[in-house]
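Thanks for coming. I will walk through one structure today, starting with the overall fold and then moving to a few places in it. Please look at the display first.

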Amino acid sequence: MISPQSDQQNFSREPPGIPESPLVDLHPGRWQMALARARLALRSFRGGWAIFVESRIGVLSLATIVLFALMAISHPILMATVWDAEVYDPVTGYAFDRLDHPAPPNWRHPLGTDPLGRDVLSQLLSSTRSEFVLGITAALVTVGIATTVGAVAAYYGGLVDALFMRLADLIIALPGISLLIVLSALFRLNLFYLALIIGILGGFGGTAIILKSQALSIRVKPYIEAARVAGGGHFHIIFVHIIPNLLPLSLLYMMFTVTGAIFAEAVLSFLGLLDLRMSWGIMIHTANTGGYLLGGTRYWWLIIPAGASITFLCSAFYLVGRALDEVVNPRLRRHTS
Amino acid sequence: MTGYLAKRAGQMALTLFLIVTLTFFLVQAQPGDYATFYALNPDLPAEVRAQIKESFGLDKPLWQQYLVHMKNTFTGNFGVSFGHFPRPVLDVLAERLPRTAVLFLTATAVSFYVGFFLGKAIAWRRGGVLEYAATISGATLFTAFTPAFGLMMIWIFAFKLGWLPVGKFLDPLVWRGAEVSANHVFSYMLVTGAAFIAFAFLVLFFFRRSGRIGSAPLVRPVIAVAALAIPVAWAFSDIGYLALDILRHMILPIVTLTLISFAGTMLLTRNSMLETMREDYVMAARAKGLPEKVVRDRHAARNALLPVVTSLVYSLIFAIDGSVIIEGVFSWPGMGMTLLDAVRSEDLPLVMGSMVFIGLFSLLAHVIVDVLYVYLDPRIRYQ
């Protein structure tokens, strides 16, 4: 048995007997710390995964997202191998083999063609990629801003906190889609700007408030005080001690932002207010301006693939978010672990 | 309470000021010059152009324009709409605002009630078929592509079944011989609705406060009699058939808006209930031997309601956006459709005016939720 005293001695003394060498570093080095951290992260990931898997809806939704990701990847591959760009390009293609556009599904065009003679499947697949780009960009911008703002507001408090929170209140009070409609009247919005605007609105808005309340509970933990006593600067404490602990919750809100971004894009494209090449919303817009939407199920391939994709991808991200909620928030779990 | 309301009103004024500022600078930041765009519009006669230039100070530097814009906005002068030419923006908006308010308030109230009821039920019997069905259908409706869903509703109920009209506010064939305007009839309908709600609350308040045991069962019959008397009274008036026409046009948009927005409340209530159900007082209530229904409704759900009301602000904003889209799809001539039409026809004064009013609308909703919260949670008494 080792007494605490001898333990302390071992730590305070230089290790005896071994000569100082630049190659052998006996203190826990940076990479060793990183390894330990990675191992810890892996363990908590496994624990979280076990809880996540319990939610059947969550797993199903994750599978849906993976399926859509595969669809997004498949489009460039198909265009490079089997599909001729003149016929299958989602925007400029024209199906010369048919005359009755919009043509119903057939062997050459598995989901038929749209009123302008373009292949619907190709449009669907190429839009998937831009939806992912949009959703993930918006989510990253939101979470980047919201995590920083939340941590900074919680850490400093006072005037900084008040300013950011009033700003968040203002943004929450504004209906987002209406604001985007107004913006689209004034500016030419493309995919990147749209993602940026949605990200900024989300990041300074509601997500910042939620992350700030979480950061407040982290700020009073003993290890923050320990870090301050050890001489850690403000910047160090915020970015090394507070923000990593906010990340699980940030991940959760990324999911909800993706849902919001895809939905907003679809609505604005449907109203014909965006400057995009192709998207699910534009596909429905094309069908609607041609008057095919009120044909009901007769022209189903113009509406159902795009509409269902929007619904499924949005709800998949939303439901994955909810399943993650049970991982992050132990009070929602069915069993106390 | 009064002090709190005054403070909230002050904050609201500040927020509104910021929204107006934001719209002004957004318009200024757009490519092209708003001043020339406005004053050089060929649709305007020369004297109107000169008048606009003068009243908006379009020949002055930016900061002066901003001050003039502020003064104009807060004195209710939003300029003249391009699309509805001789009419001022405020006039157009005053006509459209009540229509949106009715659509929005009815749908929000119904969807909140339905969402809370379902959320309570699925949390209570966790893991049942009902939970899966409600979660999946709720999330699907919540994330459903609103325009496509609206068009699907039109297709089913208006085209295939033919039960309800396709869209718009009224049927011109019914109104051909009518001597009154639609706005006239609609404002009477609004007054009736508001009076009924006020009456119901008064009855509720009176019977609750009178404290006599046995008077509470009277609440429902009294309200039911009033609810029956209203349609009868309208049927005997000579504008009853016109009101019925407007009412028939209202059903489909309201149902659609309700369907897409109840899921948010439902899923949140479920979460909140799951947290409350673990509290000691719920176990205590069970241990006392109270019936399950009482434990659920009076002990668990009453406390689970609070976070749901807090987030009602979010769902209200969601519903405002939803009603903008729904109005566009159903051609319901409210604020949302005004905004869409104005954006499409580059009717900038109307765009700015509708944005300010939509902002005002959501701010009001915000304050109402806060006041509701004070009423519901006796622990909070704002100073």
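Chain A has 13 helices and zero strands, where helices (H or I, at least four residues) and strands (E, at least two) are DSSP runs numbered from the N terminus. Along the sequence the pattern reads α-α-α-α-α-α-α-α-α-α-α-α-α.

A word on conventions. This is a predicted model, in which local features need pLDDT of at least 70, side-chain atom pairs count only at pLDDT 80 or more, and totals for chains, interfaces and linings use all residues. Residues are numbered from 1 along each chain as its sequence is written, while chains are lettered from A and ligands numbered from 1 in the order in which they are written.

Of the 337 residues in chain A, 43% are buried, meaning that 20 or more other C-beta atoms, placed from the backbone, lie within 10 Å of the residue's own. Two residues are in contact if their C-beta atoms, placed from the backbone, lie within 7 Å. Taking contacts in chain A between residues at least 6 apart in sequence, 72% join residues at least 24 apart.

Now one residue. Pro305(A) sits in helix 13 of chain A, residues 300–328. Why does Pro305(A) count as buried? Because it has 22 C-beta neighbours inside 10 Å. Leaving out residues up to four places away in sequence, Pro305(A) touches Leu111(A), Val120(A) and Leu124(A). Pro305(A) and Val120(A) are 185 residues apart in sequence, yet 8.5 Å apart in space, C-alpha to C-alpha.

Next, a helix pair. The axes of helix 2 (residues 30–54) and helix 13 of chain A come within 9 Å and cross at roughly 130°; axes are lines fitted to C-alpha atoms over the stretch in contact, and angles run from 0 to 180 degrees between N-to-C directions. On the helix 2 side, Gly48(A), Ile51(A) and Phe52(A) make the contact, and on the helix 13 side Ala323(A), Leu324(A), Glu326(A) and Val327(A).

Last, helix 6 of chain A, residues 158–173. Which of the residues of helix 6 of chain A are buried? They are Phe164(A), Ala168(A), Ile172(A) and Ala173(A). Their cover includes helix 5, helix 8 and helix 9 of chain A, together with helix 1, helix 14 and helix 16 of chain B.

Note on methods. A residue is buried if 20 or more other C-beta atoms lie within 10 Å of its own, exposed if 12 or fewer, and partly exposed in between; C-beta atoms are placed from the backbone.
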